[in-house]
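Take a walk through this protein chain. Keep the sequence and the 3D view open side by side.

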Amino acid sequence: MPTYTVTIATGNQWFAGTDDYIYITLVGTERCSERTLLDKPLYNDFERGGERRKLLKKCNKILVDSYDVRVGEDLGDIVLVKIEKKKYWVQDDWYCRYITVKTPSGDYVEFPCFRWLVDDKEVVLRDGRARLPQDDKTSVVKQHRQKELDFRRKTYRWKEWQPGFPMSIDANRHKDLPRDIQFDSEKGVDFVLNYSKAIENLFVNQFMHMFQSSWSDFADFERIFVRIKNTISEYVMQHWREDFMFGYQFLNGCNPVVIRKCTKLPDKFPVTHEMVSVSLERELTLEQEIEAGNIYIVDYELLDGITPNSTDPCTLQYLAAPICLLYKNAQNKILPIAIQLSQTPGEDTPIFLPTDGQYDWLLAKIWVRSADFQYHQTITHLLRTHLMTEVFAIAMYRQLPAVHPVYKLLIPHIRFTIAINTKAREQLICECGIFDKANATGGGGHVQLVQKAVRSLTFRSLCFPDMIKSRCMDSKEELPTYFYRDDGYRVWEATKSFVSDVVNIYYTSDEKVQGDEEIQAFIKDVCSFGMQDFDHCEFPKSLKSREELTEYLTVVVFTASAQHAAVNFGQYDWCSWIPNAPSTMRRPPPNQKGVTDVNLIIESLPDRGRSSWHLGAVWALSQYQENELYLGMYPDEHFIEKPVKAAMEKFRKQLAEITSTIKRRNEGKKLPYYNMSPDKIPNSVAV
């Protein structure tokens, strides 16, 4: 009687054992086996007090057990494994990593799973070889493929959380999500709990009861800053007033995506040569400096008309939509030379200059920094990394079965993204959520801002080289210290090379891309449903070549990994010193010069309570997940083919070289830039 040995591996998840009974059915090309009950409850260590499970949880180990399945006749090639869990003692979710089947002839067939078995639902697995839909020939595997997609489309449904937003998952709470995409422990991503812990760990609880009271002076802010310092945050605290520090942040701070070369002064910003001549070093007029490529501009037009936070009737809060002109001096430093705090010029909208009184100029810069904080949090971070990655993730689950090579490629890069976004909608950016506590765009302003920003979100703006070039920031000779650009280029090219290698393994021609109905459905789902066919978004609805597919998938991987890391993990560095990144302003922007003193600035900055919430937020958001997986780390072996594993190893080597290059460059720098270093780039948006 032929015997098949079934090996089941579990582990690396919060709960990995089960006290339930497991049934196995093997489906071959000739016939399928009887539904077989494994000879003991899997990992049933109930009588031993759960030692195996405790060991697994503590040591993060993979546990493996083997079972014999006897059949009456040879099954032929094993194409499917059906695994089913039935309640034995208590209902117990169980996580399966993979199943390996040893055939009577001694061959081994691996079936990746990496899924939870929940309730009494049957899970059907294909063998580990990736297959395009046109490569499946037998009715058995075709039917399985379609059945899997039918189930996924019912499970992963689109929902519009707010009008004009990219679509999100149809789930109101984290616990409503499919088990496979939930966090292992919901407690670990509880925003209320984490922010409260951060406030406690930062020793700022003492200020929370003084929620409405102002600080006494700038030095007073050190009372909530002194507990945790690092190289950059301390340097920011010491130098935040300097024009050099102000300008540098547009290149390598948290939000290095808004500065652009100024080729023509906008009519709404009537800066004259006479105003700024004292700031120019090359004996050129302002117009000549513009023509020479030495003038840059930052415009927060999207903030114009956004309703400021009014959730606290005791504290008025204010927003501005400033414009800032910057000059590249002879030492290639970027310095501010003119600031207008409104989009509408006029007598009540002065243009502030470095030659004005020190407090006039300082407050104008603070207003720009506050606007930059709002733009960064809501547009650069929330919209363009979190929400966009969720769109790609939902479309992937709906249109690509687990056997598809692109599913296998993308799954590590969308890990926990839907979960963290759902938790954010549940606690952070919802009505009366944490975002309302400290931010000027709370209370609905953040929703308005996303709705406006979506109108300028195009597919090409997510392609890193295109985004850099569209702002005329691509010349290393002109801006040698734009490290975000330089490191981003390296990571983009390494990622694109890896994606290209994988694409070319499975797509041997452009015609194969065109004939892949599943990949075409994925592309269309992103545009027509995820982006709601917005006229302005310009997302493709189909792909015609391997080159187009490679670029598209590079955008997905890069957005979820490198771009998110670049704009997320430096938040404590740059925003923990409150005057450098005020989350709200409590006085209106000045409408004339000569009236600002230090008291007005202190009264404008966040009060003690809001400062505490802000500090807790930027600290919590800057923390890496426990057991973080960084770019190029793929412990879950969805791919089993040797050519893909070779491509992964090549990718890891390229990333290691980039990491070494960045480390060498940073040596001895007072302001090291490491946000795009591959060893600090998680695979996915998970925080």
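The whole structure holds 23 aromatic pairs. Such a pair joins rings of Phe, Tyr or Trp (for Trp, its six-membered ring) whose centres lie within 6.5 Å; planes under 30 degrees apart count as stacked, over 60 as edge-to-face and the rest as tilted. Tryptophan 492 sits in helix H15 (residues 483–506) and phenylalanine 558 in helix H18, so the pair ties together parts that are 66 residues apart in sequence. Helices (H or I, at least four residues) and strands (E, at least two) are DSSP runs, numbered from the N terminus. Both tryptophan 492 and phenylalanine 558 are buried. Buried means under 20% relative accessible area, exposed means over 50%, and partly exposed is in between (1.4 Å probe, protein chains only).

A second pair is stacked: phenylalanine 569 and tyrosine 624, 4.1 Å centre to centre and 10° between the planes. This pair links distant parts of the chain, 55 residues apart. Phenylalanine 569 is in the loop between H18 and helix H19 (571–575). Tyrosine 624 is in the loop between helix H21 (608–621) and helix H22 (642–666). Tyrosine 624 is partly exposed, at 32% relative accessible area. Back at tryptophan 492, there is also a cluster: Phe464, Tyr482, Tyr484, Tyr489, Trp492 and Phe558 form one aromatic group.

A word on the model itself. It is predicted: local features need pLDDT of at least 70, side-chain atom pairs count only at pLDDT 80 or more, and totals for chains, interfaces and linings use all residues. Residues are numbered from 1 along each chain as its sequence is written, and side-chain values use heavy atoms, with hydrogens and water left out. The pLDDT is the predictor's confidence in each residue, from 0 to 100. Its mean over the chain is 90, and 90% of the residues reach 70 or more. Over residues 43–59, however, the pLDDT is below 50. Beyond near neighbours in sequence, that stretch has 38 contacts in the model, a contact being heavy atoms within 4.5 Å. Where pLDDT is low, the predicted coordinates should not be read in detail.

On a 1 Å grid over the protein atoms alone, a cavity is a set of points where a 1.4 Å probe fits but cannot get out; a pocket is an open set with protein on both sides within 12 Å along at least five of seven lines; lining residues have an atom within 4 Å of a point. Grid points are joined across faces, edges and corners, and a volume is the space filled by probe spheres set on the points.

The second largest pocket has a volume of about 670 Å³. It is lined by 24 residues, and Val257, Arg260, Tyr375, Arg384 and Arg471 are the closest to its centre. Which element gives the most to this lining? Helix H9 does, with 4 residues. Strand E12 (295–299), helix H9 (358–399), helix H14 (464–470) and helix H18 (546–568) each supply at least two. The lining divides into 13 nonpolar, 6 polar and 5 charged residues. Here Ala, Val, Leu, Ile, Met, Phe, Trp, Tyr, Cys and Pro count as nonpolar, Asp, Glu, Lys and Arg as charged, and the others, Gly among them, as polar.

There are 4 cavities of 30 Å³ or more. The second largest cavity holds about 60 Å³. Its lining includes Trp240, Phe246, Gln249 and Pro579. Helix H6 (243–252) and H9 each give two or more residues to it, and H9 gives the most, with 4.

Two backbone angles deserve a look. Most residues other than glycine have a negative phi. Cysteine 472, in the loop between H14 and H15, has a positive phi near 55°. Glutamine 532 also has a positive phi, about 55°, and lies in the loop between helix H17 (517–530) and H18.

End at leucine 671, in the segment after H22. Leucine 671 is buried, at 9% relative accessible area. Its C-alpha atom is 5.9 Å from that of isoleucine 232, 439 residues away along the chain. Leaving aside neighbours within four places in sequence, leucine 671 contacts Ile232, Tyr235, Phe244, Met245, Tyr248 and Trp574.
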